[in-house]
Amino acid sequence: MAFEKRAALLGSNEQFQVSSSAKKYTLRDNGFEETKKGNFQLTRTMDINMINNQGVKLKIIVSNELTQLKISVTTNNGLRTVNIYNGDAYQEIREQVAFTLENLVERGVLEKV
């Protein structure tokens, strides 16, 4: 999955981009960690009822120039992308993802497009 100026979760119509006011310290203050390549990554477990580590994770990676990003929901091991907008099985996870993304918009990390 390559970096894009605008990104959306699999199955979602909402697109996001990195906020023009975002700085590196803004990302760090909001839980992003700097990778070896200088990118910033946020990984959050979205399933509160995890049994045997079978939950899903929200992954957001921002490029080191703070201009492009990747957004995905993956299996717990990160190997497969999950479409949480398909059916009712992921209703609670959709709500948690929406809350997390909205929080990042309010804090000036992301912008809705």
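Me: Which residue of β3 stands opposite E33?

Reply: Strands of a sheet pair through backbone hydrogen bonds, either parallel or antiparallel. Here, E33 faces Q41 in β3, where strands are DSSP runs of E (at least two residues) and helices are runs of H or I (at least four), both numbered from the N terminus. The model is predicted: local features need pLDDT of at least 70 and side-chain atom pairs count only at pLDDT 80 or more, while totals for chains, interfaces and linings use all residues. Residues are numbered from 1 along each chain as its sequence is written, and side-chain values use heavy atoms, with hydrogens and water left out.

Me: How many bridges join β2 to β3, and what is the order of strands in the sheet?

Reply: Two strands pair if DSSP finds at least two bridges between them. β2 and β3 run antiparallel and are joined by two bridges. The sheet is open, with four strands in the order β2-β3-β4-β5 and antiparallel pairing. Because β2 (33–34) and β5 are the edges, each with a single partner strand, one side of each has no neighbour in the sheet.

Me: Why is β4 largely enclosed by the rest of the structure?

Reply: Buried means under 20% relative accessible area, exposed over 50%, and partly exposed in between (1.4 Å probe, protein chains only). Five of the seven residues of β4 are buried, so the strand is largely enclosed by the rest of the structure. α2 lies across β3, β4 and β5, at about 25 degrees to β4; axes are lines fitted to C-alpha atoms, for helices over the stretch in contact, and angles run from 0 to 180 degrees between N-to-C directions.

Me: Which members of the largest nonpolar core touch the most others?

Reply: A nonpolar core joins buried Ala, Val, Leu, Ile, Met, Phe, Trp, Tyr and Cys residues through side-chain atoms within 4.5 Å. The largest has 26 residues, of which F32, I60, V62 and V97 touch the most other members. β1 (16–18), β3 (40–45), β4 (56–62), β5 (69–75) and α2 (91–106) each supply at least two residues of this core. Beyond its neighbours within four places in sequence, V62 has contacts (heavy atoms within 4.5 Å) that include F3, L27 and F32.
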